[in-house]
Amino acid sequence: MDARDGPTDAPDGAAAEPVPLLEPADGLPEVVRSPTALRAVAAAIAGGHGPIAVDAERASGFRYSARAYLVQLRRAGAGSFLIDPIPLAGRFEPLAQALDGPEWVLHAASQDLACLAELGLRPATLFDTELAGRLAGLPRVGLGPMVEQLLGLRLEKGHGAADWSTRPLPQDWLVYAALDVEVLIELRDVLDDMLTKQGKREWAAQEFEAVRTAPPPPPRADPWRRTSGIHRIRRPRQLAAVRELWRARDELAEQRDIAPGRVLPDSAIIEASVTAPTSADELARLPVFRGRAQRRLASYWWSALHRAAALPNPELPPTTLASDGPPPVSRWADRDPEAAARLAAARAAVAELGQRYDLPVENLLQPDLLRRLCWQPPTTSVAEALRAAGARPWQVELTAEPLERALLAGTHTSTETTPATG
């Protein structure tokens, strides 16, 4: 029996054992590295039929860039393909033309669309199997668990977090990459059928289109404030040291295309900022900085600390950033009891909807949008406010009226329970 025939028989009352999927059905394809081979792939893809399974492997945690280091494709009637985009940079137009039109099937598409767009590859339509699993109410939506639950196959995982910039790529990594697209079309069809039977297919289509057309996220304000351990920093001068070391590290990491944490760990930035060494030699005696690689960069890191120490007080960063959103929910009861009551009522309404339709509440409505709605109720209708904030039509249809009632009920409850004064 071929592994793709499904799980083996099990005794009555026992779960069928998933069948390990260990090698591609048609064998491991050669990695495409030349323009001539890429044109042949484009012709084969164009001659196939049905949706196209698409995946990409990056080197997150190893490289500064988020570029794709391997692109995997599969289409019925064409087969599977592994493409090395590094030697093919700027020469993807034949493939882009072949991929333009058919539906793409990806798992967690938002993670890969940006690096594929860098290659000039953009979908005209999209099916996201991870998002489909969420909307279908599946408890686990990783590719492995869904393939096991819905297809009775077991993917051998283990290379997803590998350094895909490695050359040559090991054969077992390539097998792993090829198998990821081998199961996507079949998984897509099962999920599509589930969503249709649940009456959620149109909801999914709206979600897929939102992912496909989402703009790039705006740059973070003060990204250095996300340095792990920054909660230990209390003084503006120390914050300035964190900022200057972070910026110096980021510049060096980008130049070398190395993940920032591999250039200098966050813990070293925090330690140097708290300790405030007074010379490069003193800095080099701190943990991490006393290592051979960091000793060679001691003057570079010391220059960053010196810049922070020399800043006039008005140029020091504030200890906290002004926010355009509501305060932390834990403070609502003290700062605005009515808003806290509205949020409690709204959360209960959304939770009830999630349970009724077997949907995660975060997919039913973004938590940040719900908080903003409750902190400062809209002057228009709730439906109009939801649409203006980017909620999809299906979300507005399900949530607008329950939230309208919840906001009113929350306000009334707060008013009735507030003790009279005087």
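1. Buried here means under 20% relative accessible area, with exposed over 50% and partly exposed in between (1.4 Å probe, protein chains only). Helices (H or I, at least four residues) and strands (E, at least two) are DSSP runs, numbered from the N terminus. On that basis, the buried residues of helix α18 (residues 367-375) are Leu369, Leu370, Leu373 and Cys374. Seen down the axis of α18, these fall within an arc of 130 degrees, taken from the directions from the helix axis to the C-beta atoms, so they line one face of the helix.

2. This is a predicted model, in which local features need pLDDT of at least 70 and side-chain atom pairs count only at pLDDT 80 or more, whereas totals for chains, interfaces and linings use all residues. Residues are numbered from 1 along each chain as its sequence is written, and side-chain values use heavy atoms, with hydrogens and water left out.

3. Six strands form an open sheet of mixed pairing, in the order β2-β5-β4-β3-β6-β7, where two strands pair if DSSP finds at least two bridges between them. The edges are held by β2 (31-32) and β7 (125-128), each with a single partner strand, so one side of each lacks a neighbour in the sheet. Strand β2 runs parallel to β5 (residues 79-83), to which two bridges join it, and Val31 has Leu82 as its bridge partner in β5.

4. Leaving aside its neighbours within four places in sequence, Val147 is in contact (heavy atoms within 4.5 Å) with Gly152, Leu153, Leu155, Val183 and Leu187.
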